[in-house]
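Please keep the sequence and the model open while reading.

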Amino acid sequence: MIIGILKEPAGEKRVSMLPAQLTPLLQLGVEVWVEKGAGILSCVADADYEAMGAKISDRDALIRTSDIIAGFWLKETAELMHAKKGVVFIGVLQPLFNYKQMQAMAEMGCTAFSLDMIPRTTRAQSMDVLSSQANIAGYKAVLKAADLLPHYFPMFMTAAGSIPPAKVLILGAGVAGLQAIATAKRLGAVVEVSDTRPAVKEEVMSLGAKFIEVEGAADASAAGGYAVEQSDEFKQKQRERLAASVAKSDVIIATAQIQGKKAPLLIDEAMLKLMKPGSVVIDLAASTGGNVFGVEQNTITQINGITLYGNSHLAADMPVDASKVYGKNLYNFLQLIVSKEGVIQLNFEDDIVKGCCILHNGAVVHDRILSLINN
Ligand code: NAD
């Protein structure tokens with residue numbers, strides 16, 4: 001059996017497996033083919049893959065020959081149509097947004113697993129690509145903010161005067177938000193945090209940040225740990241509670257998301273204008289609309305002297321470690337679907353296999369995706 005590792009589309013620096021991660025896969029008796037140049041932007045050469053036992057292939061041959069095709073983004077559906085019938089794709093398909101594309105992909109008779117749909121359970125943690133990438137994004141968001149901010153983050157008392165610590169407001173305390181809190185605290189900032197899930201209050205406080213409480217959030221207990229959309233009344237109350245923190249913040253790191261939906265707009269135009277010139281906003285929710293007014297994905301903009309940077313894929317700016325953890329997630333998932341004899345064995349009784357299987361043998365099989373397609 002051949003597992004093919006694709007080179008990512010232009011602009012993406014990550015690769016879905018690093019050479020050091022090949023050994024346990026090859027021990028299963030499978031062949032691993034890697035597209036020529038796939039690892040260059042993650043600082044690994046084709047020769048590094050070859051030295052670990054992989055075969056370097058051109059893209060077309062890899063797509064036509066592999067039994068499993070793995071990548072991060074599997075976006076070039078026209079090229080992927082040349083894959084063998086029954087091929088298994090593994091990547092981040094974002095099917096809740098790209099459900100129309102899923103139907104087109106199904107027509108090629110393939111099976112597709114989307115690792116961003118893996119259930120957020122303890123057993124699935126080692127395959128959870130959303131967490132592994134969000135952790136890096138939260139860290140990098142703070143470093144970007146520190147770079148763009150015309151102030152120090154830590155407090156300094158010097159002979160030339162004292163510098164107060166930067167004030168950082170973090171919106172959303174999921175995986176990215178919690179890492180952003182820890183990183184901002186390490187840099188010496190004073191941190192405040194808002195989230196609609198009361199369960200995160202303790203985690204926020206244990207990291208040394210202040211939790212901004214807003215009563216009356218919608219119950220998210222049935223949403224698999226994710227947040228849900230809030231009522232207009234709650235949103236108004238949250239905006240009122242946040243206004244004072246926005247006005248005094250030097251930095252806002254926005255990470256609030258609702259799975260499969262547009263991101264909630266938490267800072268509108270009037271609130272943004274409360275911020276001082278020189279302040280910085282980093283919005284990790286930019287690709288789904290952003291939490292902050294005026295933010296655009298992959299763009300640095302200025303409004304009233306405030307710098308806004310939207311980037312939902314910041315983990316890609318640290319491609320070596322982002323690829324390392326993604327590759328580990330991918331390997332752990334492969335262990336669920338490749339037997340010890342090196343053949344594909346799909347067990348749909350397994351909640352992880354079932355939970356992230358979007359297409360099987362040419363049919364859309366995921367309930368949520370089916371209902372999006374049918375409505
Ligand atoms: P996410 O990226 O979907 O959202 C980020 C944060 O934004 C969440 O904490 C969410 O509550 C918050 N948010 C949403 N709407 C908001 C609003 N209007 N105002 C303020 N904050 C808002 O979250 P994530 O990091 O992917 O984590 C999702 C869930 O999965 C969390 O409950 C997390 O603890 C859980 N999780 C579990 C595991 C595991 O057990 N294996 C692993 C990772 C994450």
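The model is predicted: local features need pLDDT of at least 70, side-chain atom pairs count only at pLDDT 80 or more, and totals for chains, interfaces and linings use all residues. Residues are numbered from 1 along each chain as its sequence is written, and side-chain values use heavy atoms, with hydrogens and water left out.

**The open sheet**

- Eight strands form an open sheet with mixed pairing, in the order 3-2-1-4-5-6-16-17; strands (E, at least two residues) and helices (H or I, at least four) are DSSP runs numbered from the N terminus, and two strands pair if DSSP finds at least two bridges between them.
- Strand 3 (55-57) and strand 17 (363-364) stand at the edges with a single partner strand each, so one side of each has no neighbour in the sheet.

**Strand 5 and its surroundings**

- Strand 5 (residues 88-91) pairs with strand 6 (residues 111-114) in the parallel sense over four bridges, and Gly91 has Ser114 of strand 6 as its bridge partner.
- Strand 4 also pairs with strand 5 in the parallel sense, over three bridges, and Ile69 stands opposite Phe89.
- Val88 and Ile90 point one way from strand 5, Phe89 and Gly91 point the other way, and all are buried, where buried means under 20% relative accessible area, exposed over 50% and partly exposed in between (1.4 Å probe, protein chains only).
- Strand 5, helix 5 (residues 99-106) and strand 6 make a right-handed β-α-β unit; right-handed means that, with the strands pointing away from the viewer, the path from the first strand over the helix to the second runs clockwise.
- Helix 11 (residues 319-337) lies across strand 1 (2-5), strand 4 (68-70), strand 5 and strand 6, at about 145 degrees to strand 5; angles run from 0 to 180 degrees between N-to-C directions, with axes fitted to C-alpha atoms, for helices over the stretch in contact.

**Strand 9 and its partners**

- Strand 9 (residues 167-171) is largely enclosed by the rest of the structure, because four of its five residues are buried.
- Strand 9 runs parallel to strand 10, joined by five bridges, and Lys167 has Val190 as its bridge partner there.
- Strand 9 also runs parallel to strand 12 (residues 251-254), joined by four bridges, with Val168 bridged to Val251.
- A right-handed β-α-β unit is made by strand 9, helix 7 (residues 175-186) and strand 10.

**Thr196**

- Thr196 is in the loop between strand 10 (190-194) and helix 8 (201-206).
- Thr196 counts as buried because its relative accessibility is 16%.
- Leaving aside residues up to four places away in sequence, Thr196 touches Ala217, Ala227, Gln230, Phe234 and Gln238, contact meaning heavy atoms within 4.5 Å.

**The ligand**

- Around the ligand are 22 residues, of which Val175, Asp195, Arg197, Gly225 and Gln238 come nearest; a residue is near if one of its heavy atoms lies within 4 Å.
- A backbone N or O atom of Val175 lies 2.7 Å from a ligand oxygen atom.
- A polar side-chain atom of Arg120 lies 3.0 Å from an oxygen atom of the ligand.
- For Gln257, a backbone N or O atom lies 3.4 Å from an oxygen atom of the ligand.

Conventions:
A polar contact is a pair of N or O atoms within 3.5 Å; within protein, one must be able to donate a hydrogen and the other to accept it, and residues adjacent in sequence count only if both atoms are side-chain atoms.
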